[in-house]
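Please find my notes on this model below, as numbered points. They start with the contact between the chains and then turn to the sheet, the helices and the domains.

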Amino acid sequence: MNDPRVPAPPAAALDEIDRRIVVATQAGLPLVPEPWAEVARQVGVPVAEVLRRVRRMQRRGAVRRVALVPNHYALGFRANGMTVWDVPDERVAELGRAVAALPFVSHCYQRPRHLPEWPYNLFAMVHGRTREEVEAKVAEIAALLGEADRGHAVLYSRRLLKKTGLRLRP
Amino acid sequence: MAVVPEPALDALDRRIINRLQEGLPVVERPFAAAAEALGIDEGTLLERLSRLREAGLVDRVGPMYRAEALGGDVTLAAMQVPPERLEDVAARVSAFPEVAHNYEREHTFNLWFVVAVERPEAVGRVLAAIERETGLRVYDFPKLQEFCLGLRLEV
């Protein structure tokens, strides 16, 4: 079987300057009035060039967006449930988009089944302050999916064992 | 699970967290633009953001990169670890530098981790090395389609 992974854009789409921008910003922008000017100084190109390249990476999908990244756990959202659903493959794109549009779903992906142990093909991360809150949200997803929900499970996190984030080496 | 107290956020903190998750414009003064949309001044926004970050309530403000689009690859993997081996196996998995996140979850599939590498071909090599080292099967769950839209936590 061919590798089913989402094809990544060619690595050549990112050149050495883009890479330096990634390294300079992957831990966040400095919280100053002109953060990109500081990035430009580190990278060694004019600020207009940095802005142009970040916009290009955004168009190409290498940057999802430039945004605030909250710490769910510190904000009190401590019941983190990975919900997994067995839905018909031919409807997974339509249903995945509908589930992803729910405001309490942070990530939503189609992933492969591993039969017979793992029948689920749609993964949606649900955050809540308590398990009861997560369970109410799971019921909402189940209602949305209707009979396309052929089975589901909620995998609560028991412990975070490691979190380093994704890092390019400088 | 115990209900934890709400962190001390006032109404403006909440508006900032809710609004800025949607994104900032890629311009020379992004915080001035965002502050204007919130009806506050740039200095107030920067001061609030610094405080939220120092308190650990905000991880960062900046570009959100897609690892696989940077020329590398990322996958989600899971294992069914016998409970009596969990501590040992979890520590061995976390020790791999390519393992970015590692969670214990309540299920027979009880160990879930993200493997991120700079070159695509190395993901398989890392998963195989974990299988060799633990003697347990590693299930690979690469992303087939991404439906992210929401990605927004209302506080």
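1. The contact between the chains takes 80 residues from chain A and 73 residues from chain B, two residues being in contact if their C-beta atoms, placed from the backbone, lie within 7 Å. On the side of chain B that touches chain A, strand β1 (residues 58-65) of chain B gives the most, with 8 residues. Helices (H or I, at least four residues) and strands (E, at least two) are DSSP runs, numbered from the N terminus. That side of chain B divides into 42 nonpolar, 19 charged and 12 polar residues. Here Ala, Val, Leu, Ile, Met, Phe, Trp, Tyr, Cys and Pro count as nonpolar, Asp, Glu, Lys and Arg as charged, and the others, Gly among them, as polar.

2. This is a predicted model, in which local features need pLDDT of at least 70 and side-chain atom pairs count only at pLDDT 80 or more, while totals for chains, interfaces and linings use all residues. Residues are numbered from 1 along each chain as its sequence is written, and chains are lettered from A and ligands numbered from 1 in the order in which they are written.

3. An open sheet is formed by 9 strands with antiparallel pairing, in the order β5(B)-β2(B)-β4(B)-β3(B)-β5(A)-β2(A)-β4(A)-β3(A)-β6(B). Two strands pair if DSSP finds at least two bridges between them. β5 (139-141) and β6 (145-146) of chain B stand at the edges with a single partner strand each, so one side of each has no neighbour in the sheet.

4. Where do the strands of chain A and chain B pair in the antiparallel sense over 5 bridges? Strand β5 (residues 152-163) of chain A pairs in this way with strand β3 (residues 99-105) of chain B. In this pairing S157(A) stands opposite R105(B), and R159(A) stands opposite E104(B).

5. The neighbouring pairings in the sheet lie within the chains. In chain A, β5(A) pairs with strand β2 (residues 79-85) in the antiparallel sense over 5 bridges, with M82(A) opposite L155(A). In chain B, β3(B) and β4(B) pair in the antiparallel sense, also over 5 bridges, and form a hairpin with 5 residues between them. N102(B) stands opposite F113(B) in β4(B).

6. Helix α5 (residues 122-134) of chain B lies across β2 (73-79), β4 (111-117) and β5 of chain B, and runs at about 140 degrees to β4(B). Axes are lines fitted to C-alpha atoms, for helices over the stretch in contact, and angles run from 0 to 180 degrees between N-to-C directions.

7. Helix α2 (residues 30-38) and helix α3 (residues 42-54) of chain B pack with their axes 8 Å apart, at an angle of about 100 degrees. That makes the two helices roughly perpendicular (65 to 115 degrees). F31(B), A32(B), A34(B), A35(B) and L38(B) in α2(B) meet E42(B), T44(B), L45(B) and L46(B) in α3(B). This contact divides into 7 nonpolar residues, 1 polar and 1 charged.

8. Chain A is divided into domain 1 (15-59) and domain 2 (79-156), and chain B into domain 1 (11-54) and domain 2 (67-141); the bounds come from an automatic or database domain assignment. The C-alpha centres of the two domains lie 36 Å apart in chain A and 36 Å apart in chain B.

9. The C-alpha atoms of P116(A) and P30(A) are separated by 49 Å, the two residues being 86 residues apart along the chain.

Notes:
Parallel < 35°, antiparallel > 145°, perpendicular 65-115°, else oblique.
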